Amino acid sequence: MTPRRAIPSVGKLLDSLAEIDLSRPVITRLVRQYLNELRTSDGVPGFDEIVRELRAKIAQAAQARLQPIINGTGIILHTNFGRAPLGPAAVRALNLVAGNYNNLEYDLGTGSRGRRGASLESALALLGQSEAATVVNNCAAALVLIVRHFTKTKPEVIISRGELVQIGGGFRIGEIIAASGARLREIGATNKTTLDDYANGIGSETGLILRVHQSNFFMAGFADAPPNDEIALLAQAKRIPFVVDLGSGAVAPMETLPLAEREPTPAETLKQGAALVCFSGDKLFGGPQAGIIAGRKTLITALKREPLFRALRCDKLVFAALEATVDAHLRQNWKEIPAIHLLEISLEDLRARGAVFVRQLRDLPLETRIVEASGEMGGGTLPRSNIPSVALELSCQSLSPDGLARRLRHATPPVIGYILRGKFRLDLRTIFPEQDEIVVSILKRCLTKKT
């Protein structure tokens, strides 16, 4: 028999696979792809080996689907993990809105078509102490919309060289601005920009002065830049809009939290004279992915008339989650905003939870220690702040740290930690207390299964 004749049929393989939580068409496609690979290979394994390999490929595909994970890395706004987890009120709002018809664009008072997001925009303006506010699908989109609107007739954007930052995924501010059809006029030096640099950079083609907050890095030493109020006065004198991209979206008072720095808020930046600010909804703001724009009412109204605004607008689910998050900010109910609440947890509470872990894991072939740890805010925010924390340090004779990390990643739900100085760790600050028993159960399953 030739090798190709030994390749089983699609139907026979489908009948041999166990029940899998993937749709039949997806599994069929994976089987066909695998059989096509076999047809171009030198040899064909036995039937049982083919089934084993297929199950592994299908399990890998199932694991790639969006699913909850347990974050033991100590990074609160982990970009790879979806950044800010939503609070209970936002989750309830999502469930209510997602499973029902809703008044997204319906005025219950008049019984006619209503304005999308009117209530949310009003609450955002109140929170940011601005004349008006609106929302698009992320902060990069907010920046593109703003730049595109103000550079229609005057295509130049003035920006300091020290603010040409790169954000996650390799995207750079300059590239985002170029995508909007504008061109950059870089001023100053990387480490030092003066008010005269701004004044000398303004010309007949200047449509906008842009300041980008350095939220994911910092400069120290011989570095300086003019304050916002001075740039704002210059912009007003020249009748040019001054816009600040704040990025991280801090609106809560963070002075009492264990942080080495504080972020500028939209309210204080607008008070300093900025015409508009934009920031992310899923970073320090603690909500869903969104780009929030706040500032002068005339400018917000003009942005919403842009044809591009419709392409960038958010859906009902973002509105629902964001509205609940804004309400939590207005009430200063930080338990409803995990990105802030996780910072409030004391080291004493974390140590107490760690002690419970040690007791519950003592019968496992595992050495468990409570150790001092240092977490991060993450998400391209607060680069100087190391957040004191407590971690479980786990050592297993039968598994290497990489092996233990792999088993926990493949668990349901996956548990993600980190390796430091040859030891596997789980930082307790980013593991929700209600997940503690789940982590214990997963560790027991992972360490009692055969290697």
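Ground rules: I worked on a predicted model, where local features need pLDDT of at least 70, side-chain atom pairs count only at pLDDT 80 or more, and totals for chains, interfaces and linings use all residues. Residues are numbered from 1 along each chain as its sequence is written, and side-chain values use heavy atoms, with hydrogens and water left out.

Sheet. I found an open sheet of 7 strands with mixed pairing, in the order S5-S11-S10-S9-S8-S6-S7. Strands here are DSSP runs of E, at least two residues, and helices are runs of H or I, at least four, numbered from the N terminus; two strands pair if DSSP finds at least two bridges between them. S5 (132-136) and S7 (183-187) are the edge strands, each with a single partner, so one side of each lacks a neighbour in the sheet.

I then followed S5: it pairs with S11 (residues 291-295) in the antiparallel sense over 5 bridges. Val135 stands opposite Ile292 in S11.

Rings. How many aromatic pairs does the structure hold? I found 1 aromatic pair. Phe279 and Phe285 have ring centres 6.0 Å apart and planes at 45°, so I noted the pair as tilted (centres within 6.5 Å; planes under 30 degrees apart are stacked, over 60 edge-to-face, the rest tilted). Phe279 is buried at 4% relative accessible area, and Phe285 is buried at 0% (buried is under 20%, exposed over 50%, partly exposed in between, with a 1.4 Å probe and protein chains only).
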